[in-house]
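Work through the exercises below with the model open. Each task is followed by its solution.

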Amino acid sequence: MKFGMVDKFGRRIDYLRVSVTDRCNLRCIYCKLDDFTLLEREEILTLEETAHIIKLASELGIRKVRITGGEPLIRKNIIHLIQMIGNISSINDIAITTNGTLLPEFAKELFTAGIKRVNISLDTLKRERFKEITKQDKLNNVLDGIKTVLRLGFEPVKINVVVIKGLNEDEILDFAELTKRKPLVVRFIEHMPIKEPHSYFSLGCIKEKLMTIGELTPVSTLKGNGPAFYMKYKNAKGAIGIIAPMSEGFCNDCNRLRLTADGRLFPCLMSEKFVDLKGPIRSGGTDREIKHLIKDAILLKPLSPIDSNGSRIIKKPMASIGG
Ligand code: SAM
């Protein structure tokens, strides 16, 4: 293995997703947050501990960090964490994934602190349906948040739409139309099963719908750090991405590790194996020891997370692992 950052299968690992809280101000039905026990306050890494882990990971080759959650913008002093990450010279890309409800309040500070790329999760453009999915009446806050980040010059602004069979597939074209008028990258994500298998609205069905309102051509310039592939309609201001964890999987190019709010480093979204960093940090582990543990997590990365039953199922809350 080369200097810690190439895994057993030759994949270069340079991307760390950091869940800063397992709390959320929404209760999305598919996230199933209420089925899991929330962390006690003292179990959660302090912002300084989180920044320290990111610094050590950067010394091993991590270059990109995405802040996620739970809802990252409800974590107290989140801007301070972003500033600390911004001071780590070898991290050259900091982004955030948020439900957008608090963006009207935080967007400017995020921008000033160095975040220019934002992913906003939004599964419906209908107020009543938003309430049904999230148990909160906050669609207008999210829409204001999107307007705010566009006005401030965040780029790209990506909208993540989890397509849920029987719930919002009828809005795929409304979201797609948005990309014709606005410089938004709308990404359709296949719904992943949490705890138990389910049937999902597949990549093939999503594409079929998209083709009914125009021809789509691939956009190679938009390839980000992740598993999406991108396309756009002729003369559209924005673009469309599809993320197909179920029908295609995205393991071959996986470049990431995931740090949970309680300091567990997961090698994979679906993996049950992890390396605990909080215990060793709080009991005085040296930087060298912690870096060794980060390398151990990389060695745990599976080639593909399909379990012995041949299925892909997430066994922990998305809010802890960060989606
Ligand atoms: N609160 C932030 C947000 O809403 O973006 C960050 C955390 S959220 C868990 C991250 C992403 O995971 C969201 O885009 C959400 O839609 C997605 N997600 C949650 N459960 C999912 C599931 N079962 N299948 C696919 N995506 C899921």
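On a 1 Å grid over the protein atoms alone, a cavity is a set of points where a 1.4 Å probe fits but cannot get out, and lining residues have an atom within 4 Å of a point. This is a predicted model: local features need pLDDT of at least 70, side-chain atom pairs count only at pLDDT 80 or more, and totals for chains, interfaces and linings use all residues. Residues are numbered from 1 along each chain as its sequence is written, and side-chain values use heavy atoms, without hydrogens and water.

**Exercise 1.** Describe the lining of the second largest cavity.

Step 1. The lining is made up of Val-18, Ser-19, Val-20, Ile-44, Leu-45, Thr-50, Arg-75, Leu-259, Thr-260 and Ala-261.

**Exercise 2.** Find what covers the buried residues of helix H2.

Step 1. Helices (H or I, at least four residues) and strands (E, at least two) are DSSP runs, numbered from the N terminus.
Step 2. H2 spans residues 78-86. Its buried residues (under 20% relative accessible area, 1.4 Å probe, protein chains only) are Ile-78, Ile-79, Leu-81, Ile-82, Met-84 and Ile-85.
Step 3. Their cover includes helices H1 (47-60) and H3 (103-113), with strands E2 (64-68) and E3 (93-98).

**Exercise 3.** List what Ile-159 touches beyond four places in sequence.

Step 1. Contact means heavy atoms within 4.5 Å.
Step 2. Ile-159 touches Ile-120, Leu-122, Ile-146, Phe-175, Leu-184, Val-185, Val-186 and Arg-187.
Step 3. Ile-159 is among the residues with the most contacts inside the largest nonpolar core, which has 102 residues. Such a core joins buried Ala, Val, Leu, Ile, Met, Phe, Trp, Tyr and Cys residues through side-chain atoms within 4.5 Å.
Step 4. H1 gives this core its largest share, seven residues.

Conventions. On a 1 Å grid over the protein atoms alone, a cavity is a set of points where a 1.4 Å probe fits but cannot get out, and a pocket is an open set with protein on both sides within 12 Å along at least five of seven lines; lining residues have an atom within 4 Å of a point. Buried means under 20% relative accessible area, exposed over 50%, partly exposed in between (1.4 Å probe, protein chains only).
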